[in-house]
Amino acid sequence: MNNAEIQYIALKDNLNKLTALVSGIVEDVSVLLNGYDEELAQKIVSEGKAALRLEGETSKVCISLLGLFEPKASDLRYVISSLNIVGELESIADYCTDIAKEVMRAGGPLYEFDMKRFPKMVNETANMIKDSIGAFYKCDSQLALRIIERDDRVDRLHRKILKKAVENMAAFGDRADKTVSFIFITRCLERAADHAVTIAEHSYYYATGKVIKNVPDGEIKSDK
């Protein structure tokens, strides 16, 4: 086995570990937001640090492959996509860490502020992240495109939740502190969904060789 093959194996191994770690963190956040569990919140914060370390190690392997072994065609797309995706995964883990810290700061469950739309937003965001990782591993360009479209749902939910939270803040001044925490957490979820979209864009690039970031929506749909 030559050095390039050893580096590819290291990349795939690190990427598998990071996707599994971040997937677990996202699942834990979904559970955390359905109640209050300080031990679980601490676990999320600890694993967020582990994701940061693993992202750094994986990025170094990608850069080494690009600089020393000059990959071509699908190998090149795999390394470029991986380099970008590990950064997106670390950002998602970072938002999950912020959510866990905010839940601990609030000292109790926050879903009571919007029991209808908030669980939908949590589930949709978690599923988008899960599916975006799946699109990369399956090299599924059509799944990647569907994930990008789903971002509008999360954005609509976020706007409606934010509107209601602001109304609550005006009506219940004594709950203003927790309302701010709730608004912060929904913002983190919305941003995590944006990172899932970016993972989907890189998955699409890996599968097709086409870059769709900042491409008009009509041109993307013509690829279906």
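Modeller: Happy to! Let's start with Tyr137, which has a relative accessible area of 39% and is therefore partly exposed; buried means under 20%, exposed over 50%, and partly exposed in between, with a 1.4 Å probe and protein chains only. Please keep in mind that this is a predicted model, where local features need pLDDT of at least 70 and side-chain atom pairs count only at pLDDT 80 or more, while totals for chains, interfaces and linings use all residues. Residues are numbered from 1 along each chain as its sequence is written, and side-chain values use heavy atoms, with hydrogens and water left out.

Phe136, by contrast, is buried, at a relative accessible area of 4%. Five aromatic pairs occur in the structure; rings of Phe, Tyr and Trp (its six-membered ring) pair if their centres lie within 6.5 Å, and planes under 30 degrees apart count as stacked, over 60 as edge-to-face and the rest as tilted.

Now to the helices, which are DSSP runs (H or I, at least four residues) numbered from the N terminus. Phe136 lies in helix 4, where Phe136, Ile129 and Ile133 meet Tyr78, Ser81, Ser82, Ile85, Leu89 and Ile92 of helix 3; contact means heavy atoms within 4.5 Å. That contact has seven nonpolar, two polar and no charged residues, where Ala, Val, Leu, Ile, Met, Phe, Trp, Tyr, Cys and Pro count as nonpolar, Asp, Glu, Lys and Arg as charged, and the others, Gly among them, as polar. The axes of helix 3 (residues 73–106) and helix 4 come within 12 Å and cross at roughly 165°; axes are lines fitted to C-alpha atoms, for helices over the stretch in contact, and angles run from 0 to 180 degrees between N-to-C directions. Helix 3 is therefore roughly antiparallel to helix 4 (an angle over 145 degrees).

Helix 4 (residues 117–138) also packs with helix 5 (residues 141–171), their axes coming within 9 Å and crossing at roughly 160°, so these two are roughly antiparallel as well. The residues that meet include Met121, Thr125 and Met128 from helix 4 and Val154, Leu157 and His158 from helix 5. By class, this contact has ten nonpolar, five polar and nine charged residues. His158 is buried, at 11% relative accessibility. Beyond neighbours within four places in sequence, His158 touches Met121, Thr186, Arg187 and Glu190.

Note on methods:
Angles under 35 degrees count as roughly parallel, over 145 as roughly antiparallel, 65 to 115 as roughly perpendicular and the rest as oblique.
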